Amino acid sequence: MNAVKPRRRAYEAEQSVGADCCDVGAMANFAASTTGPKPVDIDSVIVADPQAFVRIHDDGLAHLDLFVEELHCAACIGKIEGRVLAFPGVVSARINMSTRRLGIVWREGEADPVMLVRAVVALGYPLTPFDPSLIESAISSEDKSLLSAMAVAGFAAANVMLLSVAVWSGHAGDMGEGTRTLFHWISALISLPAVVYAGQPFFKSAFRALQHSSLNMDVPISLAVILASTMSLYQTVQGGQHAYFDAAITLLFFLLVGRYLDHRARARARSAATHLLALQASAATVIDADGHQRSVRIRDVHEGMVILVAAGERVPVDGLAIDGISDIDAQLLSGETLPRLAEPGARVYAGTLNLTAPIRVRTTVAADNTLLAEIVRLMELAEQGRARYVRLADRVAKIYSPVVHVLAAATFVGWVLIADLGWQEAMMISIAVLIITCPCALALAVPVVQVVASGRLLRAGILVKSADALERLNGIDTVVFDKTGTLTLGKLRLVGDNYNADTLALAGAVARHSRHPLSKAVAAATPEDSAITISAIREVPGCGLEGYRDGARIRLGSRSWCGGNSQDAGDGPEICLAVDGEICATFEFLDELRSDAGDVIRTLKSMGIDVELLSGDTASVTGRVAGSLGIEKWQAACLPAAKVARLEELDQAGHRVLMVGDGMNDAPSLATAFVSMSPVTAADVSQTAADIIFQGAALSPVITALKVARASTRLVKQNFALAFLYNAIAVPLAVAGMATPLLAAVAMSSSSILVTVNALRLRILR
């Protein structure tokens, strides 16, 4: 990323890692004194001048990050990006669905940021300056509002339904007109305030859509509820025999249940890029030319600086080691089982862990151009691409609303003009059409299956995070595995027989003084009650440990350092134990495969699914694992970009890929893949990037999730078929005037119950 020109007031956003947010004073002006993610009036946006938040780079490109509200689906993304890209000079416009961040890049002087902001707000999407803290607060606020609306609607529906039962019974008995009217008024007092409060999620969305000359699913819902409530109140004032407050509030309750379930499923997906901050050092120790040490913020580290990385610290910026020798744990970055040796001239990367000794590093890039920052950028692009996936429910909803409106309007006009019916009766028939076609069954068709499927998988130790993960998983034809921590357990285990109990106890006494993975594996295999004492212990980076026992020099490390011939080393990881220069034991290690890895690979192939292995480990280790599992296609020494490139290659070839990985180096590929899974032992960033997380030491959850996904998709399609069948039967009856709003509400509720019962079949499907 190029430097920002000082002549502009730019907020230090650290675009890639989301570190610092906007200038507080400028944000206050921009948001017109709002707090949190509140809608910003279009005039306030223009007056506040979003130019204050524009960053100008040396290449002449300007960049602006904004937080977009009311973002629901891929259609919203396409609408916003298409509108912004229509402006001359705009290079790119990308929205991250998880973070709701809109990033706009244009050539300086060729586009006006005020007009760009105005265009998005005019589409009905409020904007505020992007701040990572807005993400959680916005989702939490939506959760609370939906939950409270659902509670109010449920309480009101239960009470109004009790009153309605009494009225229905009274029609067949001797209930007087005064008593019936009283019950109607009580129902009105309960339902009308509840409708006003609980209907806000639908009313606001419908109003914004109509404001901008468009339709969505909430328009017919709002019309049905408002018209049914208004006509019921009119009938109550006139002392009429029928009122349909129960239909209006019950309709709202069922729809709110569906929306809340869907929202909770969507809210499980978060941007994995923000979790990379845990691997990014917040400060670096810079050594000046006179040897003075000072701590600086990570964003102030520039190319050519000399920094000190102490043992146990993460490397803050990419660079070359210039002084000191140490072991660098790069497993999360590259997937390598063993640490790398960092000696003068070796390249080190931000986010890797310095294990054994202090080193000095000369930075080769600025803080925002590190490999870690590049991984974040890959994550953002991958999440953006995945957000374009249009779910089956969204595709159905796209054509549903116009059809419903045309049908209801045609019904009203037809009864008034053709049948010469009074407007009140015609309106009641039209309302019945709106109610009977209200998408309760459609609204519940997907989320109720998601909830049942998620519950079943959760009992099997599998957590589904993304709302559309199972739908995507059903469509895969290729599975790509990472090796370390995925096909294997990611823990080195002591194997072989080139040692005995005494040499193991001696090696364990030495190994307890190191954090090297091989030393920890030896220590773990040694009884803790060993009474062996080692003195003057020291660790030589890249070689091993040295100490003394009863005057004898003990070494635990590489074969050549212990006095042996390096050509005698085996294929896998090993260390030797030497006493006074004589090797007395050799310890070999194995990263153990998951117990059922072979069975899972064979099952996938029998299901007609291709299997590949992409690993950052060496070719010898990767090839040995691939051969033992029967995986013909594999690549070794893969950096994150190489894994992403392979997945993009498969995507361009028409394949839909399930990626299964666990390391930080797998996060971009997990986000790039059509759908992804990660074990619970994975790095936080990988768990966040993955759609599905599984527990336990077995790999069989991959098969379990795939089978449940296929069954879930079948049930969703069945639910849509049931919903359309219901409409095919009920709508003609409503249009013909044979269904009152009350009967329409009962039919609508019955269809919702039907799709729910059908979804519950997933619990017993095999």
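This is a predicted model: local features need pLDDT of at least 70, side-chain atom pairs count only at pLDDT 80 or more; totals for chains, interfaces and linings use all residues.

Mentor: Let's begin with C584, which is partly exposed because its relative accessibility is 37%; under 20% relative accessible area is called buried, over 50% exposed, and anything in between partly exposed (1.4 Å probe, protein chains only). C638, in contrast, is buried, as its relative accessible area is 3%. The cysteine sulfur closest to that of C584 belongs to C562, and at 9.0 Å it is too far away for a bond. The structure has 0 disulfides, a disulfide being a pair of cysteine sulfur atoms within 2.5 Å.

Residues are numbered from 1 along each chain as its sequence is written, and side-chain values use heavy atoms, leaving out hydrogens and water.

Stepping back, 53% of the chain's 766 residues count as buried. The chain holds 26 helices and 27 strands; these are DSSP runs (helices H or I, at least four residues; strands E, at least two), numbered from the N terminus.

Now find S229 in helix α8, residues 218-237. S229 is buried, given its 6% relative accessibility. A polar atom of the S229 side chain lies 2.8 Å from the backbone oxygen of V225. Leaving aside residues up to four places away in sequence, S229 touches L192, V195, F245 and A248, where contact means heavy atoms within 4.5 Å.

V195 also takes part in the packing of helix α6 with helix α7, together with V196, Y197 and A198 of α6 and Q200, P201, F202 and F203 of α7. By class, that contact has 7 nonpolar residues, 1 polar and no charged ones. Here Ala, Val, Leu, Ile, Met, Phe, Trp, Tyr, Cys and Pro count as nonpolar, Asp, Glu, Lys and Arg as charged, and the others, Gly among them, as polar.

Last, look at H516, in the loop between α18 (501-511) and α19 (517-524). H516 is buried, since its relative accessible area is 15%. Not counting residues up to four places away in sequence, H516 touches D327, P339 and E539. The C-alpha atoms of H516 and I328 are 9.5 Å apart, although 188 residues separate them along the chain.

Conventions:
A polar contact is a pair of N or O atoms within 3.5 Å; within protein, one must be able to donate a hydrogen and the other to accept it, and residues adjacent in sequence count only if both atoms are side-chain atoms.
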